[in-house]
Structures are given as C-alpha cells and as structure tokens.
Amino acid sequence: QVQLVESGGGLVQPGGSLRLSCAASGSIFSINVMGWYRQAPGKQRELVARMTRGGNTNYADSIQGRFAISRDNSRNAVYLQMNSLKPEDTAVYYCNANVVTTSLNHLELWGQGTLVTVSS
C-alpha cells in the first residue's frame with residue numbers, strides 16, 4: 001500500500017508563514033510529479049504548485065513570489081513554504097503525487113488534506 005501523509009497546517013496571522021510537508025511511503029519505485037492543491041470553502045480544488053522529479057515547477061499565479069515548492073527525492077517528500085500569507089490563502093491543502101509502484105502500477109495519490117487558516 002502506498003500513501004501520502006501531510007503535516008504542517010494550522011492557524012497563522014496575515015503576513016505570516018507556514019511550511020507544509022508531505023511524505024510518500026510504501027512500495028514505491030519512482031515518483032514523477034509531486035505537488036500541492038488547495039480547496040477553499042465553496043470553491044473547486046485548484047493547483048497551487050507542482051514539481052517534477054527533475055525539478056521543473058509550475059505555480060498558480062495567485063501565489064507566485066510568495067510560495068515555494070521543494071522536494072527531497074531520497075525521502076519521497078515534497079514541501080511547500082508559504083510566506084506572506086493572505087486570508088484568501090485559507091483552504092484545505094492536499095498533497096498529490098504520481099507514483100510508480102514496485103509492481104510498475106501507475107497511481108495518482110492524494111493526501112488526507114491539511115487545513116491552513118489565515119486570520120487575525
């Protein structure tokens with residue numbers, strides 16, 4: 001069984017910072033894309049940032065210059081450093097990964113979600 005486990009959400013004041021972490025575990029052969037999505041109340045889930053194994057990145061326009069995604073391929077982990085947080089960043093953040101298992105099955109996995117609340 002392969003799964004993603006997230007951590008790092010919480011309550012932060014506007015202008016503050018948080019760092020989200022996500023680690024994949026299980027029978028993993030390789031992971032191509034890892035990333036973060038978010039879903040605010042009453043809205044659809046949207047891409048925040050993603051990174052390929054080789055380091056290519058995509059960011060949502062709304063978080064450019066404030067958030068940074070990084071990976072540790074040796075740990076099958078992905079991180080999201082969030083700075084200059086705004087109330088509109090409040091959402092449940094989900095880790096996502098495209099995993100190839102040791103049985104060579106291709107899976108798209110989602111974490112359980114971690115709540116980020118930006119409020120004074």
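**View A. Ala49 in strand 5 of the predicted model.** Ala49 belongs to strand 5, which spans residues 46-51. Its relative accessible area is 0%, so Ala49 is buried. Beyond residues up to four places away in sequence, Ala49 touches Gly35, Trp36, Asn58, Tyr59, Ile69 and Leu80. The C-alpha atoms of Ala49 and Tyr37 are separated by 7.0 Å, with the two residues 12 apart along the chain.

**View B. The largest nonpolar core.** This core comprises 31 residues. Trp36, Val48, Phe67, Leu80, Met82 and Tyr93 have the most contacts inside it. Two or more residues come from each of strand 3 (18-25), strand 4 (28-39), strand 5, strand 7 (67-72), strand 8 (77-82), strand 9 (91-101) and strand 11 (114-118). Strand 9 contributes the most, with five residues.

**View C. Surroundings of Phe67.** Apart from neighbours within four places in sequence, Phe67 is in contact with Arg38, Val48, Tyr59, Leu80, Gln81, Met82, Asn83, Leu85, Asp89 and Tyr93. Phe67 is among the residues with the most contacts inside the largest nonpolar core, as are Val48, Leu80, Met82 and Tyr93.

**View D. The disulfide of Cys22 and Cys95.** One disulfide is found in a search of the whole structure. The sulfur atoms of Cys22 and Cys95 lie 2.1 Å apart, and the link is left-handed, with -80° about the S-S bond. Because Cys22 lies in strand 3 and Cys95 in strand 9, the pair ties together parts that are 73 residues apart in sequence. Cys22 counts as buried at 1% relative accessibility, and Cys95 is buried with a relative accessible area of 0%.

Note on methods:
Residues numbered from 1 in each chain as written. Predicted model: local features only at pLDDT ≥ 70, side-chain atom pairs only at ≥ 80, totals over all residues. Heavy atoms only, no water. Helix = DSSP H or I, 4+ residues; strand = E, 2+ residues; numbered from the N terminus. Buried < 20%, exposed > 50% of the residue type's maximum accessible area, 1.4 Å probe, protein only. Contact = heavy atoms within 4.5 Å. Core = buried A, V, L, I, M, F, W, Y, C linked by side-chain atoms within 4.5 Å. Disulfide = S-S within 2.5 Å.
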